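Here is a short report on one protein structure. Keep the sequence and the 3D view open as you read.

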Amino acid sequence: MSSGHDRSSHQCESEAAYDVIVIGGGHAGVEACWAAASVIGLEGRVALVTMDPSKIGVMSCNPAIGGLGKGQIVREIDALGGVMGRAADATGIMFKMLNTSKGAAVRGPRCQNDKYEYSHEVQRLIASRTNIDVIAACVDDLLVDHHKIVGVKLTRHDQTSIQLMSDAVVLTTGTFMRALMHTGKQQTPGGRVGEGSAVGIAHALVQLGFELGRLKTGTPPRLNRDTIDWDGLPGQCGDENPMPFSDLSPSVLPGGRFPTLEQTECRLTSTTVEMHELIRANLDKAPMYSGQIDASAGPRYCPSIEDKVVRFADRQEHHVFLEPESLSTNEIYCNGISTSLPEDVQATFLAMMPGCKHAEVLRYGYAVEYDMVWPHQIDSTTMTKRVEGLFLAGQINGTSGYEEAAGQGLVAGLNAARFVAGGREAMVRLGREQAYIGVMLDDLVTKTPREPYRMFTSRAEHRLLLRADNSDQRLTPLGKELGLVCDQRWRIYQEKSEAQTALRVQMERQFVAGKSLISLARRPDITVSQLCCYLEEAGLERPAASTMQHLVTEARYEGYLKRQAAEIRRRQDAEQRLIPSWLQVQSVTGLRGEAAEAIARFQPATLGQAARLAGVGPADVTLLAVAIRRGRLASMGSG
Amino acid sequence: MDTAATIIAISSPPGSAVHGLLRLSGDAAMEAVNNCLESKIASKWRGTCHSRFIIDPALHSTLPVLVMSFPSPHSYTGEDVVEIKCPGNPDLLERMINRIIAGGAHSSDSKNNLRHAEPGEFTARAYWHGRLTLNQAEGVAAAIAARSDEQLETACLLLSQAFGNWARQSGDEITQLLALVEAGIDFTDQEDVVAIKPADLYERIVDIQKQWQQWLGQYSVNEHHEALPWVVLTGAPNVGKSTLFNALLGRTRAVSSPIAGTTRDVLAETLVLSGPTGPLSCILVDVAGWDKRTGQLDAEMQIAATTAVDRAAVQIACSTGDVQMTQSPGVINVLTKCDQADVNQPLRRDKHALMVSAITGTGLAALNVAIAEAITNLSVSPTRTAPGLMSKHRQALADASKGLTEAASMALMSAQQRQLDHAELVAAALGDALTAMQPLIGQVPPDDVLDHVFASFCVGK
């Protein structure tokens, strides 16, 4: 047995065996252990290893779930029986559907959460699973034998060691791997204020030959609600009739009440010219500009306030959303001014914002840099190519955001459980035409990220198909087949499907002024409630607005969806054709150098993935296809 | 590569010849051909028959053709293969392909899709269906690589430098518009993002389409020329290229004079040669001399000259014997002005060069034969598939234009508003246009669209 570290110097007191081990209790780790626990059933055992069990499911940054593109992912997680949507519904304090003025495909559900209630709800759900053991410990080493994972070595808080043995380990290190926080010149090791940094795993990964990278992210300051002058700051309310993320919520929330918690609002303030000048004058103290942070570029879609005043110098002000983090505390999250400037500079510029002259800073903003594993080293199953049975999910793969992490976690947990039971062939890949989660994993394994990866609807070429309203149709039958979906959820799905089918039949049979209702539904000038009224007038039962909305959406996109379906069929051949591991890229005659290099680096799993690599053209894919067939024929001939 | 589709391509050598050959392979080959024939062939029938090809059903214009049917599995590709032998006019072959594709598109079954063949696809299919041996497969791979590089090159240079630039510019403009529409979708919760106004979007799309119409007009005028192989005269200034150009044509076209650098432009004329199997057409091109010393040529002319040489099927390298000649395929070395006495006698007896005098006519007949041979040899090489590519490119633009029209009409509907009503559908239509343009500009990954957004807006809270 070989491993990243010399283990002989430590004596292990005990050993335990698990079907699946999940390292990390963030949003990726939670979905991973939940999915694995669902798939392996009550006979199996899943370990969730975390440095601090009270931090499981914590919202480290923004106290919100969902958004454009992200909300769709939460719906997909829910359709596959996951945790995030349920926890968000139970703890939301302001629900808002974004982009309501636009078509259904690009609407994104989002909610503000009570961040403490959120993590408690997640912890409650995890505790409800009898086959998940939560273990408080720090990972020292990964145990690997002949390129296969066999377990992990842990140190518990009482400094005793333990070895957990398993054929499948899911790593979700988040921002904790060799994490370093920056506030001005001040540097503190750790992935979150007051917490530690994971060093052992990083060493083990390097020893195993993984290529690590370093990324940077940041978080804004938190202010004391009671010290902000709220008068005159415009408010932003949630939706009057909020939609839950999870179809399960109305039946499982206490008293069937959704939303459960008291609803609140956000307020809006802004930066000022004076504040921009101050920031510009202090740029040399910002770690990102002084060169103190040696991370790759930070995310362009979530720039720090330092970035904003430099890149968009002509702007007089930037919006700052003041978002409550909890109903029970006075913490206010300043959305829009992530910063790593020194505390005294932060204190000065915060007081320049309208309403914040006397605001008390509860926590200063900081930047955090952390190790990640360049994602070309995983397959879209999330299993690493280098070590069989080792899965990576979340920020370790270079993504950003709770939802992105959770989506990967679910796939990792699912595949870890399936791998243990049925080997490589049993693992599942979600297609780009199936789910945003599929788009994300495919992007991760075919592109070199230049910044933490965040989902946008424009990343999905089949956006009209991948909607929040049809996530269950797309994924719940698959989830049922894989064992992710419980009976209750399956029943709800079936009832919903039946209602949709019945409504469609009714709409095809009912005519108004010689036109069927279904053909009227295609017209943009006819509203959902109008259609419902027509049915009522005909003496039929008024359908649920959501059911009608779904039908109208399908009807309006029909032509586009047909076109996309044709395109999907056209590509299917390449998407399904696997590139066998015996194929030697160097031996493929005629491949251009650039293409051969990209293929050798990314080791695409399918011809479809190969075609999406930068530097690989259609002719190269043809050559690969020919080489694969030739190899097959040759082996048949010799065998 | 979509292997279920039926594919079609011109299989005869480029340029005018007595006979042309179209080849189809795939499940829908027989049905697609039958759609255009007066007397149909029976399904799975093997043999050769005469029929008439319906060029234009409205005008009842038909053409005598010879149809050869090779049902699966005993055909070159192992699939159903149909070949149509017809008069070898490049324009005609193009029209017939377009007609067959248009006719085949009525079938809604996607399995029976009919499309232009990819480079090397007939051979690849032959291999996949076990019609080639393992040894031959190596050759196939090399041929596909060679052909696709050619295709890429042609896609980049596409007819002329200007056309290629134009296609890329159009692609960039559409990408930019798509980015503006996407910004209005993905970043509406951001302070700074103002989506493009529908009226502006409409105008910008219409501008693109106007340009396209202009270009397509020019394009179809040049089409005939583009389908023929180019024979380009190269050599130092004053070596006698223009005189030779006139002599080969048998009339005066180029302004030839004894002053070096007289030819300041690219001259192109159709030249008809007598080939081994009948008359052969090509485009004879005279470019400005390569005079690096004088710098007289402006950049544009230099680019025109380089482009012409790049796409030459055959080069006639002219010299008066004062430079060493190199041997390479597709290049005919010619010693000009052999009627004049010259001091460099030893070099002038280069056995690899043709001795020609445009004044006395010496060697002109031999040069004619050499050119005809070089063009005929092209058909043996797997490269030079210009006619098929061109038709593909035209199709690409037509498809892209459909997407633009759709986007424009939606933008027009919201023209009085500040925001687009169906931004996601407008984006889908613009995306379709970019996808259709892929043969011209390559793929535009979503990341490029996002790059545009990030570069122009302050996004992120």
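The model is predicted.

**Domains**

Chain A is divided into the domains listed here.

| Domain of chain A | Residues |
|---|---|
| Domain 1 | 222–368 |
| Domain 2 | 501–570 |
| Domain 3 | 577–638 |

Take the centres of domain 1 of chain A and domain 2 of chain A over C-alpha atoms. They are separated by 42 Å.

**Nonpolar cores**

In soluble globular proteins, nonpolar side chains tend to be buried together. Here the largest nonpolar core has 198 residues. Val20(A), Val22(A) and Ala36(A) touch the most other members of this core. Helix 11 of chain A, residues 402–422, gives the most to this core: eleven residues.

Which residues are in contact with Ala36(A), leaving aside its neighbours within four places in sequence? Val20(A), Val22(A) and Val46(A) are among them. Gly413(A), Ala416(A) and Ala417(A) are also in contact with Ala36(A).

A second, separate core has 36 residues. Its members include Val231(B), Leu233(B), Cys338(B) and Leu367(B).

Strands of a sheet pair through backbone hydrogen bonds, either parallel or antiparallel. In chain A, four strands form an open sheet in the order 13-12-21-14, and their pairing is antiparallel. Strand 13 (186–189) and strand 14 (212–219) of chain A are the edge strands. Each pairs on one side only. From one strand to the next, the twist averages 25 degrees.

Now look at strand 12 (residues 180–183) and strand 21 (residues 366–373) of chain A. They pair in the antiparallel sense over three bridges. In strand 21 of chain A, Ala367(A) stands opposite His182(A).

Technical notes: Residues numbered from 1 in each chain as written. Chains lettered and ligands numbered in written order. Predicted model: local features only at pLDDT ≥ 70, side-chain atom pairs only at ≥ 80, totals over all residues. Core = buried A, V, L, I, M, F, W, Y, C linked by C-beta atoms within 7 Å. Buried ≥ 20, exposed ≤ 12 C-beta atoms within 10 Å, placed from the backbone. Helix = DSSP H or I, 4+ residues; strand = E, 2+ residues; numbered from the N terminus. Contact = placed C-beta atoms within 7 Å. Domains from an automatic or database assignment. Pairing = 2+ DSSP bridges. Axes fitted to C-alpha atoms, helices over the stretch in contact; angles between N-to-C directions.
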